[in-house]
Amino acid sequence: MRRKASLILLALAVFFAALSPLLRWYAYPRLAKIPANEYQTMVLEAENATLLDYGSMTARTVPKVTIVQTLKGDVEASEKIEKTAGRDVVVWDGLSYVQGPDGKMVSKVPERYIFDAHTQEPVHATGEMVDGDPVRREGIEFKWPFLTEKRDYEYFDAQTRTTAPIHYQGTRTFRGLEVYYFEQTVPWTRVAMPRTMPVAGITPETVARTGTTRWYTTVRRFWVEPVTGAPVYGEEIHREELRGGTLLGGRAKVTAFAGHVKMREDYIEHTVSVIKANRTLVLLLTAYLPWGLLLLGVLTMCLSLYLEARSRRPDEPTAADPVAPRPVTA
């Protein structure tokens, strides 16, 4: 009976030991992915910001500028691209909507971001764009890969339509989570005018005819939870200027927008709670289950060997009937 039990335990030990790396190196890369139907909204604010009054073409300080960023997954487009790409693809339609303190639109810039659902690497397909301009992204945007590493990454800047390193600056603690801090500085760069302007009748083409150009710089900061690769917090020190041309009435430049853009508190709390839940799911596949199964396999193996050793011992002697005394002979 002990021999049979030890063989069963040995089979279980082998099963657990084989399942451990299978979960980590086979199941995890296939199961950990961004869902194609993802939908999320983020609200950021810049208090005491500088904003251009297009009526008088002068910059003024306003109490607050609000930026609403929306990402919506296009499942139908994802499935269509997957047929030719041969891998799981996510298509995000993004919109960055900026409004002043009076609630009026300052700018709105749509994007279509196409990327690998598992690695977050860009997938180049028809429709990839920023504000209607076709682009070919290199590097990440919005999200870091699962199991983010302590290194620099290439990050795509939608304003300049270019990619540059975003630098790992160390490990920090944010709202009870260990996070990696990344920072990128985009130097003053000439960028395109938004296709949708805040004043009726003004278009990028009419501004271009005046000779006025738009310039932009920012310091971009992200606090990234490394297991999920999701930013728990982000902010930018953002500046835009209009330079030259007859639109400025002889002035060399005027500030179009300047402010320290930060995530709103309620969205920080929501983001942290969602990331904590997703972090547990990723850790189940990468650490908890693989190591737990490996430990269970070792314990089962030890129990199997113990029972096998017990089965090989001779049975302990049992109490025998008393032996009759033999006569003593001389």
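Because the model is predicted, local features are reported where pLDDT is at least 70 and side-chain atom pairs count only at pLDDT 80 or more, while totals for chains, interfaces and linings use all residues. Residues are numbered from 1 along each chain as its sequence is written, and side-chain values use heavy atoms, with hydrogens and water left out.

Helices (H or I, at least four residues) and strands (E, at least two) are taken as DSSP runs and numbered from the N terminus, and two strands are said to pair if DSSP finds at least two bridges between them. On this basis, twelve strands form an open sheet with antiparallel pairing, in the order β6-β5-β4-β3-β2-β1-β12-β11-β10-β9-β8-β7. Strands β6 and β7 are the edges of this sheet, each pairing on one side only. Within the sheet, strand β2 (residues 58-73) is joined to strand β3 (residues 89-99) by eight bridges in the antiparallel sense; among the residues involved, Gly-73 has Trp-92 of β3 as its bridge partner, and Ile-67 has Val-98 of β3. Strand β3 also runs antiparallel to β4, with eleven bridges between them, and here Ser-96 is partnered by Val-109 of β4. The β3 and β4 hairpin has five residues between its strands, and Gly-103 takes a positive phi near 85° in this hairpin.

Helix α2 (residues 75-85) lies across β2, β3 and β4, and runs at about 140° to β3. Helix α4 lies across β1 (39-53), β8 (162-174), β9 (177-191), β10, β11 and β12 (253-263), and runs at about 140° to β11.

The structure holds 24 salt bridges, each defined as a side-chain nitrogen of Lys or Arg within 4 Å of a carboxyl oxygen of Asp or Glu. One of them joins the side chains of Arg-137 and Glu-111, at 2.7 Å from N to O. Because Arg-137 lies in the loop between β6 (133-134) and β7 (153-157) and Glu-111 in strand β4 (residues 105-116), this pair ties together parts that are 26 residues apart in sequence. Arg-137 also forms a salt bridge with Glu-128, with 3.8 Å between the closest N and O atoms. Residues are classed as buried under 20% relative accessible area, exposed over 50% and partly exposed in between (1.4 Å probe, protein chains only). Arg-137 and Glu-111 are both buried, the relative accessible area of Arg-137 being 0%, and Glu-128, at 4%, likewise counts as buried.

A further salt bridge is formed by the side chains of Glu-235 and Arg-221, at 2.9 Å from N to O. This pair links distant parts of the chain, with Glu-235 in strand β11 (residues 230-243) and Arg-221 in strand β10 (residues 213-225), 14 residues apart. Glu-235 is buried at a relative accessible area of 9%, whereas Arg-221 is partly exposed at 21%. Elsewhere, salt bridges that share partners join Glu-111, Glu-128, Arg-137 and Glu-141 into one network.

Terms used: Contact means heavy atoms within 4.5 Å. Axes are lines fitted to C-alpha atoms, for helices over the stretch in contact, and angles run from 0 to 180 degrees between N-to-C directions.
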